[in-house]
Amino acid sequence: MADEQPIIIKKKGSHGGHHGGAWKVAYADFVTAMMALFIVLWLMNSSKPVQEAVGGYFRDPNGLAEKKGSAVDSAAGQAAPVVKQIDMAKLKQELLKAMQQLADFEKLKKQIELTVTPEGLKIEMIEDPNGTFFENGKAQPTPSLQELLKVLSVEVGKLPNPVSIEGHTDSKPFSDSQTYGNWELSTDRANAARRLMQNSGLRPDQVVQVRGYADQNLRKPLQPQDASNRRVTLIIQYVKTEQPATFTSNGSLPPAKTLNAPPAPTPANVPATTPKEAKPEK
């Protein structure tokens with residue numbers, strides 16, 4: 001019995017236990033990836049703001065669009081164009097200098113008023129009791145107005161800015177007509193100015209509005225029949241820039257106030273000046 005050797009039984013480990021759960025991990029990763037892809041595709045097709053935000057994240061995941069000098073634009077993938085606005089105060093002085101070359105400028109300067117407004121540079125040609133720019137009750141420009149508008153047309157036609165033209169009358173009614181009144185007269189005078197300017201240097205597509213106000217926008221409301229209420233107004237408007245909405249992505253959607261941001265404020269009002277205040281260069 002002492003010579004008997006002990007019997008040792010060795011059990012080999014099963015390979016099944018080593019590989020049995022690996023496929024579950026791989027399958028879980030696959031399902032997660034497919035679910036994420038499905039959610040992204042659904043969001044991209046749900047709404048435009050969400051589409052832009054999600055698309056911007058994948059184009060700019062590190063937020064490079066926020067860094068100075070970056071050409072990344074999260075809405076279009078390109079740098080947004082920048083339109084340089086014209087200095088309206090400087091333009092006013094340049095137009096005054098051009099008008100000073102007119103032979104009868106000294107007689108007209110008290111009836112020409114230039115004002116920088118939130119809409120643009122407003123040039124008003126104001127009547128006197130004698131009818132400097134139009135004969136009373138008529139829409140045919142006088143020679144003085146024709147020469148003035150020709151000079152303005154050449155200068156304004158060089159600009160990219162759109163232009164609107166307004167006609168205004170006083171509150172005196174037409175006594176001899178039931179079909180023609182201040183509404184028709186104010187509109188006809190504005191259109192007469194438009195035709196003259198387009199034939200003298202203003203581009204055909206530069207005029208965007210022709211407005212006839214009759215006596216509804218009086219220059220002197222307390223004196224509705226005053227001759228200075230009769231006027232033609234040229235407005236050189238600011239160039240409108242429509243920049244696409246941009247988003248900085250940090251893995252979350254932008255707030256609602258970013259998606260619906262208000263437009264940039266327009267320049268503040270600048271007091272009106274008349275040509276008599278401009279000093280010609282020596």
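Predicted model: local features only at pLDDT ≥ 70, side-chain atom pairs only at ≥ 80, totals over all residues.
Residues are numbered from 1 along each chain as its sequence is written, and side-chain values use heavy atoms, with hydrogens and water left out.

Of the 282 residues of the chain, 34% count as buried, meaning under 20% relative accessible area with a 1.4 Å probe and protein chains only.

Next, select α4 (residues 88-99) together with α6 (residues 143-156), which pack at an angle of about 135° with their axes 10 Å apart; axes here are lines fitted to C-alpha atoms, for helices over the stretch in contact, and angles run from 0 to 180 degrees between N-to-C directions. That angle makes α4 oblique to α6, the class left over once angles under 35 degrees count as roughly parallel, over 145 as roughly antiparallel and 65 to 115 as roughly perpendicular. Showing side chains, one finds L95, A98 and M99 of α4 meeting L148, V151, L152 and E155 of α6, with contact meaning heavy atoms within 4.5 Å. The residues of this contact divide into six nonpolar, no polar and one charged, where Ala, Val, Leu, Ile, Met, Phe, Trp, Tyr, Cys and Pro count as nonpolar, Asp, Glu, Lys and Arg as charged, and the others, Gly among them, as polar.

The contact is made by L145, Q146, L149, K150, L152 and S153 of α6 and A193, L196 and M197 of α7.

Now select L121, I123, M125, L152, I165 and I236, the residues with the most contacts inside the largest nonpolar core, which has 34 residues; such a core is a set of buried Ala, Val, Leu, Ile, Met, Phe, Trp, Tyr and Cys residues joined through side-chain atoms within 4.5 Å. Elements giving two or more residues to this core include α4, α6, α7, β2 (120-126) and β5 (231-237).

Finally, centre on L121, which, not counting residues up to four places away in sequence, touches residues including M88, L91, L95, L114 and I236.

Conventions
Helix = DSSP H or I, 4+ residues; strand = E, 2+ residues; numbered from the N terminus. Buried < 20%, exposed > 50% of the residue type's maximum accessible area, 1.4 Å probe, protein only.
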